[in-house]
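Trainee: I would be grateful for a close look at a single part of this model.

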Amino acid sequence: MPPSEPVWLVGAGPGDPELLTRKAERLIAEAEIIFHDALVGPAILDLARPQTELVGVGKRSGRHSKDQDDINVLLAEAALAGKKVVRLKGGDPSIFGRSTEEIEHLATFGIPVRICPGITAASAAAASGIASLTLRGLARRLTFVTAHARKGEAIGLDWTALAAPDTTLAVYMGRAAAPTIGQRLIAAGRAADTSVMIAVNVSLPNERLIRGRLDALAFLTATISDDDPTLLLIGEAVSSNKAATAEQRERVSC
Ligand SMILES: C[S@@+](CC[C@H](N)C(=O)[O-])C[C@H]1O[C@@H](n2cnc3c(N)ncnc32)[C@H](O)[C@@H]1O
């Protein structure tokens, strides 16, 4: 007999609790157990009831605290025990969130899954930079891409496709690969002076943004990113000249 309560995969957004949906806030408040990513901070976890069990299953680059199989097992165990389970993920669960593995594992036990979307890091970064991710006539495509590669493997990306001049690239997990990304895009034909914006800890009190050119991507990224979550936006749409006011440009330009 499958449990009647679904497991909720909930998008926590980029970090600012005010960027949670009202539904996410309600689900967090109603949960009996929350399995959360490392990028979900205390300001959001504080919305849970004091008696709610909080289980960190965070994965940060190079420091996997629990592997995906363990997370799948924990989710299923909690659901089968009849608990109200929330799996709280940074940003939107559908973007580089490994949701499908969790859904498939839970399905093998007949456990239903529901998803509450969240604001993804690219949307939040564009908002912080007073920019748009698309631009009429100039940026007709938006590509979400991860530069994360399995240990020892090369980044398997189609550089020619990504170098198309009318594309905005939102690169997740791209901090370490920034030098390769800049070089490979330029080698594939993307203009060296293409605008880039690097956004660190978007929406959090220690948010940092920097803008510049594609040929300086590695330098700019190293300048501001430390070990914190970093998103790379590449394309004319994020140029500081396109949308920001003079005052806002001063705040975010290098
Ligand atoms: C495993 S992916 C998860 C993405 C998430 N599902 C989303 O929709 O934003 C983690 C990566 O998202 C990006 N990211 C998430 N939160 C961020 C933030 N607040 N500021 C900058 N980048 C962020 C970083 O590139 C980070 O390495």
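Trainee: In which sense do β9 and strand β12 (residues 230–234) pair, and over how many bridges?

Mentor: The model is predicted, so local features need pLDDT of at least 70, side-chain atom pairs count only at pLDDT 80 or more, and totals for chains, interfaces and linings use all residues. Residues are numbered from 1 along each chain as its sequence is written. Strand β9 pairs with β12 in the antiparallel sense over 3 bridges; strands are DSSP runs (E, at least two residues), as helices are (H or I, at least four), numbered from the N terminus, and two strands pair if DSSP finds at least two bridges between them. Within this pairing, A170 has L233 as its bridge partner. Strand β8 (residues 141–146) runs parallel to β9, joined by 6 bridges, and R141 stands opposite T167.

These strands belong to an open sheet of 5 strands with mixed pairing, in the order β8-β9-β12-β10-β11. At its edges are β8 and β11 (208–213), each pairing on one side only. Helix α5 (residues 121–128) packs on the sheet and touches β8, β9, β10 (195–200), β11 and β12; contact requires C-beta atoms, placed from the backbone, within 7 Å.

As for burial, 6 of the 6 residues of β9 (residues 167–172) are buried, so the strand is largely enclosed by the rest of the structure. A residue is buried if 20 or more other C-beta atoms, placed from the backbone, lie within 10 Å of its own, exposed if 12 or fewer, and partly exposed in between. Both faces are covered, with T167, L169 and V171 buried on one side and T168, A170 and Y172 buried on the other.

Definitions and conventions
Two residues are in contact if their C-beta atoms, placed from the backbone, lie within 7 Å. Axes are lines fitted to C-alpha atoms, for helices over the stretch in contact, and angles run from 0 to 180 degrees between N-to-C directions.
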